[in-house]
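Reader: I have a sequence and a set of coordinates. Please show me how to read them.

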Amino acid sequence: MRLFSKLPYLTRILLIATVVAVSVVICGTLVMRFSVSNPPDKVKNSPTATTTVASQPNSIPAVLPTAIIPTNSTPIEVSKITQVQKKPTSNQLAYGHFPYTQANSNQMMLIGSYANGADQRFESLNTEAVQAFMKMTYAAREVGVWIIPVSGFRTIEQQEKLFQEQIKRRGSAKEAAKISAPAGYSEHHTGFALDLTDGKFPKKDITFEFENTDAYRWLTSHAKEFGFELSFPRNNKQGVSFEPWHWRYVGSSDAAAVFANARNQR
Ligand SMILES: [Zn+2]
């Protein structure tokens with residue numbers, strides 16, 4: 001203390017101010033550490049925290065914000081968390097299309113991405129059908145045939161969007177239904193149906209021209225070996241237009257049961 005009192009007045013003031021400032025910083029650091037390791041509950045429930053949790057498959061919030069409902073271009077990680085099971089409202093056919101229940105997105109697996117110009121989207125199928133599809137595309141590759149998936153599992157919302165676009169293009173629901181099923185009536189809802197094309201001819205994607213590709217020729221001879229069949233061949237009893245690109249998996253009892261009504265009509 002003697003030494004302290006010998007110091008000039010200004011130096012003493014500075015020394016006291018330094019000690020006070022250091023104490024404030026130390027106390028502040030301790031308080032912050034404590035609050036970070038014990039976040040209050042209301043922070044967990046904030047919208048920002050919910051969005052972060054939603055991206056982790058193991059911790060799904062009870063109510064998902066509508067902004068993360070998947071669209072065609074949404075990556076599969078996001079669509080996996082949609083657990084809504086939806087059924088068409090009636091058992092009646094719509095323009096020849098049978099009603100199909102929307103499968104659980106959690107049972108879907110990525111089969112690849114499809115690019116059209118600058119647009120890219122990720123497509124998925126039921127896990128069981130994916131195994132068969134991979135074997136089939138590999139067998140085709142071995143003989144130089146390049147089969148690529150254009151479209152797989154679709155939600156009812158996605159189908160509704162597609163069908164409305166077709167109505168605009170073709171003028172009526174009846175005309176639209178010749179090339180696209182109404183929402184709730186698409187085989188794509190099941191996760192067992194997919195549209196295919198030949199990787200060598202991008203301009204023939206989802207056109208009748210696909211019929212004149214190596215991929216289509218190979219599929220007509222070999223798809224059945226892997227459990228796949230054409231859903232809408234020419235002059236099918238359902239009255240749906242010939243769709244050379246649209247195939248369904250019927251290689252397991254589950255998959256075959258899903259399409260039993262349609263297959264009995266053929
Ligand atoms: Zn299709």
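Reader: In which strand is Met-109?

Author: Strands (E, at least two residues) and helices (H or I, at least four) are DSSP runs, numbered from the N terminus. Met-109 belongs to strand β1, residues 108-116. Residues are numbered from 1 along each chain as its sequence is written. The model is predicted: local features need pLDDT of at least 70, side-chain atom pairs count only at pLDDT 80 or more, and totals for chains, interfaces and linings use all residues.

Reader: Is Met-109 buried or partly exposed?

Author: A residue is buried if 20 or more other C-beta atoms, placed from the backbone, lie within 10 Å of its own, exposed if 12 or fewer, and partly exposed in between. Met-109 is partly exposed because it has 19 such neighbours inside 10 Å. Leu-196, in strand β4 (residues 193-198), is buried because it has 27.

Reader: What is Leu-196 in contact with, beyond four places in sequence?

Author: Contact means C-beta atoms, placed from the backbone, within 7 Å. Leu-196 contacts Ile-147, Pro-149, Val-150, Ala-215, Leu-219, Trp-245 and Trp-247. Its C-alpha is also 5.7 Å from that of Ile-148, 48 residues apart in sequence.

Reader: How many residues has the largest nonpolar core?

Author: In soluble globular proteins, nonpolar side chains tend to be buried together. A nonpolar core is a set of buried Ala, Val, Leu, Ile, Met, Phe, Trp, Tyr and Cys residues joined through C-beta atoms within 7 Å. The largest here has 42 residues, and those with the most contacts inside it include Leu-196 and Met-136. Helix α6 (127-142) is among the elements that supply at least two residues each; α6 gives the largest share, six residues.

Methods:
Contact = placed C-beta atoms within 7 Å.
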